[in-house]
Amino acid sequence: MPRQTAADFPREVLNLFDQYVHGAISRRGFLDGAGKYSVGGMTAVGLLEALSPNFAAAQQVPESDPRIVTSHVAFDSPKGYGKASGYLVRPAKGPAKIPAVLVVHENRGLNPHIEDIARRLAIEGYLAFAPDALFSAGGYPGDEDKARELFAKLDANKVKADFVAAAAVLKGMPGTSGRIGATGFCFGGGVVNFLATQLPELNAAAPFYGPPPTIADVADIKAPLLLHFAQNDERINAGWQAYEAALKAAHVKYEAFTYANTEHGFNNDTRPRYDAQAAALAWQRTLTFFAHNLRTA
């Protein structure tokens, strides 16, 4: 059976799903709304299942790949939840010192997709570290719905502090060159935008469809930015005009790309909203951006 894409779903269902995964409506709210668009024997429950992730099918770099070494690293976060943990992936071979990239997950915690993103970076020669904001709640529970429920109960300021602490830990890890970048997706893209305002030592930031930081803090950004947006993403794109104006006013170095006919989450290859062409282009641009700013700068 061919892989389903966003084009296989009514626009209204995609909008309902976006509201559901970001907490604007409940599961029941999605099912009630999507029921109006059930066609061809596909029920509202079936639509939800079809739009939900398939981690195994999308995995690109298995944990057993001989090119990488994986581990989990605990660290202190005194201004956050006190203790935190992240998934660390190193290249198995390479130079003695390499640049590092912090990987920030979506609003479900450190799920298998984000672990795979970290492994993809490691095979490109980066030390990749993906913290789990749900560590204080017992860690990613293995269920996306439960993960979102747990995530909604977190203290946003403590979570941000955990990621600031994670960046400091990563920068100081043995084997790093001292240069650090960050990338993240949706919620994680927003965290990357936030980190850029807080960390003058950040050398490169590549958020994917993330909310903007506090506009008054944009002038504090020192790192170059590479920003990725989906065309059909009104919720996130509504904040871009003000963000871009602030970037220009502060003379921040940035590039921004909006990918035609794409949905929020287009880089996430576990879901039908994935757009293979746009994701490949955005990923290649990100790798080129990191290579320029973390390897040769």
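Predicted model: local features only at pLDDT ≥ 70, side-chain atom pairs only at ≥ 80, totals over all residues.
Residues are numbered from 1 along each chain as its sequence is written, and side-chain values use heavy atoms, with hydrogens and water left out. Local features need pLDDT of at least 70 and side-chain atom pairs pLDDT 80 or more, while totals for chains, interfaces and linings use all residues.

Q: Why are helix 1 and helix 2 called roughly antiparallel?
A: Helix 1 and helix 2 (residues 27-34) pack at about 175°, with axes 9 Å apart. Axes are lines fitted to C-alpha atoms, for helices over the stretch in contact, and angles run from 0 to 180 degrees between N-to-C directions. Angles under 35 degrees count as roughly parallel, over 145 as roughly antiparallel, 65 to 115 as roughly perpendicular and the rest as oblique. Helix 1 and helix 2 are therefore roughly antiparallel.

Q: What makes the contact between helix 1 and helix 2?
A: Val13, Leu16, Phe17 and Tyr20 of helix 1 meet Arg27, Phe30, Gly33 and Ala34 of helix 2. Contact means heavy atoms within 4.5 Å. By class, these residues are six nonpolar, one polar and one charged. Ala, Val, Leu, Ile, Met, Phe, Trp, Tyr, Cys and Pro count as nonpolar; Asp, Glu, Lys and Arg as charged; the others, Gly among them, as polar.

Q: Why are helix 7 and helix 8 called roughly perpendicular?
A: Their axes come within 11 Å and cross at roughly 65°. Helix 7 and helix 8 are therefore roughly perpendicular to each other. Val159, Lys160, Phe163 and Val164 of helix 7 touch Phe187, Val191, Phe194 and Leu195 of helix 8. That contact has seven nonpolar residues, no polar and one charged.

Q: What makes helix 5 oblique to helix 11?
A: The axes of helix 5 (residues 112-122) and helix 11 (residues 276-295) come within 12 Å and cross at roughly 50°. That angle makes helix 5 oblique to helix 11. Ile117, Arg120 and Leu121 in helix 5 meet Trp283, Leu287 and Phe290 in helix 11. Five of these residues are nonpolar, none polar and one charged.

Q: What counts as a helix here?
A: Helices (H or I, at least four residues) are DSSP runs, numbered from the N terminus.

Q: How many cavities of 30 Å³ or more does the structure hold?
A: There is one. On a 1 Å grid over the protein atoms alone, a cavity is a set of points where a 1.4 Å probe fits but cannot get out, whereas a pocket is an open set with protein on both sides within 12 Å along at least five of seven lines. The largest cavity has about 40 Å³ of space. A volume is the space filled by probe spheres set on the points, which are joined across faces, edges and corners.

Q: Which residues line the largest cavity?
A: Val21, His22, Glu106, Arg108, Cys186, His264, Gly265 and Arg273 do. Lining residues have an atom within 4 Å of a point. Two are nonpolar, three polar and three charged.

Q: What makes up the lining of the largest pocket?
A: The largest pocket holds about 660 Å³ of space. Of its 30 lining residues, His22, Asn107, Phe151, Ala152 and Phe187 are closest to the centre. The lining has 16 nonpolar, six polar and eight charged residues. Helix 6 gives the largest share, five residues.

Methods:
Helix = DSSP H or I, 4+ residues; strand = E, 2+ residues; numbered from the N terminus.
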